[in-house]
Amino acid sequence: MTTPKEDCPAEGLLKLLSGKWKPQIFRLAVDGPVRFNSLLNKLPNSNKQSISTALKELEEAELLIRTVVTEKPLHVEYALSEKGRALIPIFVKIESLSS
């Protein structure tokens, strides 16, 4: 029996996108830049710390780009990076398989 490699790229991606809020954050960012407070409002039972941690991990993985918008009111937006947008077809396929 063949055992999966520990350095399998798919395994790393799945681990990166696992977590309570990361898939939902990713899905919301597909439609365009999203503000931090908007994420809190759209993700029931979430909290600032868990959303902040998930955003930071997605940003460190270069899937999201964080932008501070200096227009009043000052706010932060998160948008999919080019690397993140490249994953959209994978998510679309997964969604089609689950429906």
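## Ground rules

Helices (H or I, at least four residues) and strands (E, at least two) are DSSP runs, numbered from the N terminus. By that rule, P73 sits in the loop between β2 and β3.

This is a predicted model, in which local features need pLDDT of at least 70, side-chain atom pairs count only at pLDDT 80 or more, and totals for chains, interfaces and linings use all residues. Residues are numbered from 1 along each chain as its sequence is written, and side-chain values use heavy atoms, with hydrogens and water left out.

## The whole chain

The protein chain has 6 helices and 3 strands. From the N terminus on, their order is α-α-β-α-α-β-β-α-α. The C-alpha trace spans about 60 × 30 × 25 Å along its principal axes.

The chain has 99 residues, and 27% of them are buried. Buried means under 20% relative accessible area, exposed means over 50%, and partly exposed lies in between (1.4 Å probe, protein chains only). A contact means heavy atoms within 4.5 Å. Take the contacts between residues at least 6 apart in sequence: 43% of them join residues at least 24 apart.

## Helix α4

Helix α4 covers residues 48–60. How far apart should its ends be? The expected span of a helix is 1.5 Å times one less than its number of residues. For the 13 residues of α4 that gives 18 Å, and the end C-alpha atoms are 18 Å apart, which agrees.

Which residues of α4 are buried? They are I51, A54, L55 and L58. These four cover an arc of only 100 degrees around the axis, so they are on the same side of α4. The arc is that of the directions from the helix axis to the C-beta atoms. An α-helix has 3.6 residues a turn, so residues three or four places apart point the same way. On the other side of α4, Q49, K56 and E60 are exposed. The buried residues pack against α1 (9–17), α2 (22–30), α3 (36–42), β2 (64–69) and β3 (75–80).

At the start of α4, a side-chain oxygen of N47 comes to within 3.1 Å of the backbone nitrogen of Q49. N45 lies in the loop between α3 and α4. Its phi is near 70 degrees, a positive value in a residue other than glycine. N45 counts as exposed, at 74% relative accessibility.

E62 has a positive phi of about 65 degrees, although it is not a glycine. E62 is exposed too, with a relative accessible area of 51%.

In α2, the buried residues are K22, I25, F26 and A29. Seen down the axis, they fall within an arc of 100 degrees, so they line one face of the helix. Just after α2, G32 takes a positive phi of about 130 degrees.

R27 also belongs to α2. R27 and A79 are 52 residues apart along the chain, yet their C-alpha atoms are separated by 11 Å.

H75 is in strand β3. H75 is buried, with a relative accessible area of 13%. Its side chain makes a polar contact of 3.4 Å with the side chain of E77. Leaving out residues up to four places away in sequence, H75 touches R35, T67, V68 and V69.

The peptide bond from K72 to P73 is cis, with omega near -5 degrees.

Technical notes: Polar contact = N/O pair within 3.5 Å; in protein donor to acceptor, adjacent residues only side chain to side chain.
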